[in-house]
Amino acid sequence: MLKLYGGARSRASIVHWYLEELEVPYEFVKLDMQAGEHRQPEYLAINPIGKVPAIVDGDFKLWESGAILLYLADKYGKPVSPEERAVFSQWVLFANATLGPGIFTEANREREMPILLTPLNEVLGRQPFVLGNEFTVADVAVGSILSYIPIMLKLDLSSYPAVLNYIRRMSERPAFQKSIGAKA
């Protein structure tokens with residue numbers, strides 16, 4: 001059985017959400033980060049960087065939330081073309097490398113929020129999900145970052161009504177409620 005390693009209030013909840021969406025059986029291994037369990041040799045054998053999340057799927061070990069999301073999409077999602085996979089990768093990388101730092105790094109926030117959220121608001125004003133009419137791994141990546149805004153930052157998003165509606169719809173999903181929503 002696939003094992004997901006994470007800690008309280010960690011990015012493991014993003015992977016947890018996607019596993020719930022995919023209905024993949026897994027075991028969640030909660031590490032006590034305060035006690036330094038993520039720095040013990042047993043866990044460092046899985047992720048030498050000592051960060052969470054990480055997964056072990058049989059003999060396969062993988063860390064970094066974005067890489068894990070893409071692996072799960074490839075293994076358990078519907079088959080996609082190389083072009084579709086590239087678009088999934090684009091959005092997962094955007095969420096982790098651009099959207100998250102742009103919103104959660106206070107020094108960048110005032111400048112980056114309109115640059116990032118204005119086009120997202122336009123996209124989500126035209127369609128229910130990031131890539132159109134179907135929920136995908138892109139929604140887990142982008143939706144998780146956006147859903148943390150009202151939970152952690154309490155920023156005024158009233159200028160982005162489609163983003164607010166999207167956050168609400170994502171947070172109402174049963175799989176979200178079993179993962180990120182359960183920790184909010």
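This is a predicted model: local features need pLDDT of at least 70, side-chain atom pairs count only at pLDDT 80 or more; totals for chains, interfaces and linings use all residues.
View 1. Residues are numbered from 1 along each chain as its sequence is written, and side-chain values use heavy atoms, leaving out hydrogens and water.

**View 2. Six aromatic pairs are found in the structure.** Rings of Phe, Tyr and Trp (its six-membered ring) pair if their centres lie within 6.5 Å; planes under 30 degrees apart are stacked, over 60 edge-to-face and the rest tilted. Tyr5 and Tyr43 make a tilted pair, 5.7 Å centre to centre with 50° between the planes. Tyr5 sits in strand S1 (residues 2–6) and Tyr43 in helix H2 (residues 41–44), 38 residues apart. Helices (H or I, at least four residues) and strands (E, at least two) are DSSP runs, numbered from the N terminus.

**View 3. Trp17 meets Phe176 edge-to-face, with ring centres 5.0 Å apart and planes at 90°.** Trp17 belongs to helix H1 (residues 12–22) and Phe176 to helix H8 (residues 174–178), so this pair ties together parts 159 residues apart in sequence. Trp17 is buried at a relative accessible area of 0%, and Phe176 is buried at 3%. Look for the cluster, too: ring pairs link Trp17, Phe129, Phe135 and Phe176.

**View 4. Helix H3 meets helix H4.** Ser65, Gly66, Leu70 and Asp74 in H3 contact (heavy atoms within 4.5 Å) Arg85, Phe88, Ser89, Val92 and Asn96 in H4.

Technical notes:
Buried means under 20% relative accessible area, exposed over 50%, partly exposed in between (1.4 Å probe, protein chains only).
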